[in-house]
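Hi everyone, thanks for coming. Let me put the structure up, and then we can walk through a few parts of it together.

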Amino acid sequence: MGQPQQPDQAEAEAGSTGSARTGSGSIGSASTGSGSTGAGKPPLRVGMVGYAFMGAAHSQGWRTAGRVFDLPRTPVMAAICGRDGAAVRAAADRHGWAGAETDWRALIARDDIDLVDICTPGDSHAEIALAALAAGKHVLCEKPLANSVEEAEAMTVAAEEAYGRGQLAMVGFNYRRLPAVALARAMVAEGRLGTLRHVRVTYLQDWLVDPHFPLTWRLRREAAGSGSLGDLGAHIVDLAQYLAGDRLTGVSAMTETFVGERPLPGQSARGLSAVPAEAATGTVTVDDAALFTGRLGRGALASFEATRYATGRKNALRLELNGEHGSLAFDLERLNELSYHDGREPGARAGFRRILVTEPDHPYLDAWWPPGHGLGYEHSFVHQARDLVHAVAEGRRPEPSFADGLQVQRVLAAVEESAGKNSVHTPIAV
Ligand SMILES: NC(=O)c1ccc[n+]([C@@H]2O[C@H](COP(=O)([O-])OP(=O)(O)OC[C@H]3O[C@@H](n4cnc5c(N)ncnc54)[C@H](O)[C@@H]3O)[C@@H](O)[C@H]2O)c1
């Protein structure tokens, strides 16, 4: 596992070089893609599939990255894709995309797109990514990489072959790009904690506490692959392994589905705030919560909790690493801060101290605001776009790669297997 990438010197840029091509299956627009310009720099023309939650977040990333960071290529928001023509055109205008398509195959077929960004539910990740790689595009794919290990394996094989042709493929574990998380990784790699003993990670949300919340795609196995496990657990498995610079060797797990039947969603149901529209109900086919423990390759113990039933917890991703020399702790709800305890200080003076991660020499921060002027959730997507543009320009394998996404998928599969066998310890396949 690599080191966090450091941002370049900031140099704001303005303007647009968006391409406004309209073709068969395309919906025309007067606007050009917003992205940003860098005079004389080659464009990186992006086509994105999906325009709801992650579509909006990734749009922020592509729109902003080249305006804040001095990038070697200029992201151009060429076209966005969704299945509803009017809605996708409205989304293109709102988020700054030049064109709109109603079929992802048409998006991939366009010769004015270099990179396909997949922001759809997991059931379409493999098909879209495989087609995009076969068509010669770079790919960014949201997490979890796929809905099954088999799909993730096929995607990883295709990504490796594509790398040989100069194409890159990255999976969107965006929390790695938060400055405090990148700093934590750097401090672990510097040896500040010494040998790691524990990694403790929880990801708690509460949007399913209401039993009348409808049966949206996240609650159906055929669409989402798994429940809180793939949705939240994938993030914390990736973060634990990334921060530790190590990998899980096996897990013991419990999962639970607390509400088995839910109202069917209406046509307008969206994301995490859907309202029920029908009296009919359907069966929840995924886990509502997943708890598991595991051992990392160099011996540290790790514990994980992912749930969408933690009443009062909105997006509480918390982690702590304890090592022989010290500890680090992070809380997504205070994302500009990192807590650090140096266990080598005299006991009378030791204690957790708060590092305000807003200094110009902190990861990504030299491009942003003066110290103390904090960043937010959306900046992780700006940094994700920034890092991918650098990787493409340098022809360097991006991290996390599809192979990293596959390994996380294997952990998720082992968690489900263990939970189905009364928590028996289950090795992670390699
Ligand atoms: N990185 C993160 O922090 C994070 C957060 C939330 C979701 N995600 C992941 O992002 C992905 C999307 O989740 P979301 O919350 O944005 O979902 P969403 O329901 O908000 O949006 C899904 C989008 O995909 C579109 N879509 C679905 N099938 C399509 C198809 N066949 N062709 C074209 N468009 C299609 C929908 O119209 C919609 O625009 C999932 O893999 C999810 O796990 C990641």
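Ala-385 counts as buried, because 29 C-beta neighbours lie inside 10 Å; the cut-offs are 20 or more other C-beta atoms within 10 Å for buried, 12 or fewer for exposed, and partly exposed in between, with C-beta atoms placed from the backbone. This is a predicted model, where local features need pLDDT of at least 70 and side-chain atom pairs count only at pLDDT 80 or more, while totals for chains, interfaces and linings use all residues. Residues are numbered from 1 along each chain as its sequence is written.

Ala-385 sits in helix H9, residues 379–394; helices are DSSP runs of H or I with at least four residues, numbered from the N terminus. So what does Ala-385 touch, leaving out residues up to four places away in sequence? Its contacts are Gly-61, Trp-62, Ala-65 and Pro-75, a contact being two C-beta atoms, placed from the backbone, within 7 Å. Ala-385 and Trp-62 are 323 residues apart in sequence, yet 5.9 Å apart from C-alpha to C-alpha.

Now to a helix pair. The axes of H4 (residues 125–134) and H5 (residues 149–164) come within 10 Å and cross at roughly 15°; these axes are lines fitted to C-alpha atoms over the stretch in contact, with angles from 0 to 180 degrees between N-to-C directions. H4 and H5 are therefore roughly parallel, the term for angles under 35 degrees. From H4, Ala-126, Ala-129, Leu-130 and Leu-133 meet residues of H5, including Glu-151, Ala-154 and Met-155.

That's my tour, thanks!

Technical notes: Helices (H or I, at least four residues) and strands (E, at least two) are DSSP runs, numbered from the N terminus. Angles under 35 degrees count as roughly parallel, over 145 as roughly antiparallel, 65 to 115 as roughly perpendicular and the rest as oblique.
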